[in-house]
Amino acid sequence: MLNRRNREAVVKAVAALELTGGETALDIGFGGGLGLGLLLPAAARVHGVDISATMLDRARATFREEVATGRLVLDEGSMTALPFADGSVDAIVSTNTIYFVEDLGAALAEVARVLAPGGRFVLGVGDPDLMGKSRMLTDNGFRIRPVAAIEAALGTAGLGVPKHERFTHAGLGFHLFVAAK
Ligand SMILES: C[S@@+](CC[C@H](N)C(=O)[O-])C[C@H]1O[C@@H](n2cnc3c(N)ncnc32)[C@H](O)[C@@H]1O
């Protein structure tokens, strides 16, 4: 369901990483695994981190072969404590995740820590103006942050945003922040 609903946004987010084929890429909060499937043909090695054991189990079954060969490494973990050495990942994508992250500053500092110098980070979020109007989302604890607050948090983490794309998908606005370390 996540893969179907978020397809266009995830496709655009992965494309914005502009992978060159020989790099190490990471999808944080991969959910249904659409991003992992798009990263695999475009990167030398792919990592996925998700906080949900259910999503991990599902991805391990979907990508059994890639996991067995070591091309895909899946870890249960949080954006605020990533299981990687400093500067070890070339490109990171994360879509529709920060609504569930309480301390955005800590999460982005962690992304910046594991990103290699010159690495790229693409963060995708639904339009906060529209999402903020949905009682269903706000009542269910979604953290809806204004665009300016997200850009400021990225800057504070050392992830400047040279490119900010907006588009409409599934009738909703979507933002991609293409950041570089
Ligand atoms: C709405 S889904 C988005 C899935 C996918 N990225 C997409 O856009 O379709 C959010 C995913 O983020 C994961 N998640 C939530 N909080 C997280 C955190 N702190 N660290 C890593 N993953 C998290 C959830 O388990 C879920 O799989």
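**Figure 1. Seven strands of the predicted model form an open sheet with mixed pairing**. The strand order is β3-β2-β1-β4-β5-β7-β6. β3 (72-76) and β6 (160-169) are the edge strands, and each of them pairs on one side only. On average, and with direction ignored, neighbouring strands of this sheet are turned by 15° against each other.

**Figure 2. Strands β6 and β7 run antiparallel**. Eight bridges join β6 to β7, which spans residues 172-180. Phenylalanine 167 stands opposite phenylalanine 174, the latter in β7.

**Figure 3. Helix α5 packs against helix α8 (residues 147-156)**. The angle between the two helices is about 45°, and their axes are 9 Å apart. Angles under 35 degrees would count as roughly parallel and those from 65 to 115 as roughly perpendicular, so α5 is oblique to α8. The crossing of α5 and α8 is right-handed. On the α5 side, Leu104, Gly105 and Leu108 take part in the contact; they meet Ala153, Leu154 and Thr156 in α8. Sorted by class, the contact of α5 with α8 has four nonpolar and two polar residues, and no charged ones.

**Figure 4. A shell of 22 residues lies around the ligand**. Of these residues, Asn6, Gly29, Gly31, Ser52 and Thr95 come nearest to the ligand. By class, the shell has 11 nonpolar residues, 10 polar residues and one charged residue.

**Figure 5. Helices and a strand contribute to the shell around the ligand**. At least two residues of the shell come from each of α1 (2-16), α2 (34-39) and β2 (45-50). Helix α1 gives the most, with three residues.

Methods. Residues numbered from 1 in each chain as written. Predicted model: local features only at pLDDT ≥ 70, side-chain atom pairs only at ≥ 80, totals over all residues. Near = placed C-beta within 6 Å. Helix = DSSP H or I, 4+ residues; strand = E, 2+ residues; numbered from the N terminus. Nonpolar A, V, L, I, M, F, W, Y, C, P; charged D, E, K, R; others polar. Pairing = 2+ DSSP bridges. Axes fitted to C-alpha atoms, helices over the stretch in contact; angles between N-to-C directions. Parallel < 35°, antiparallel > 145°, perpendicular 65-115°, else oblique. Left-handed = near helix turned anticlockwise from the far one by under 90°. Contact = placed C-beta atoms within 7 Å.
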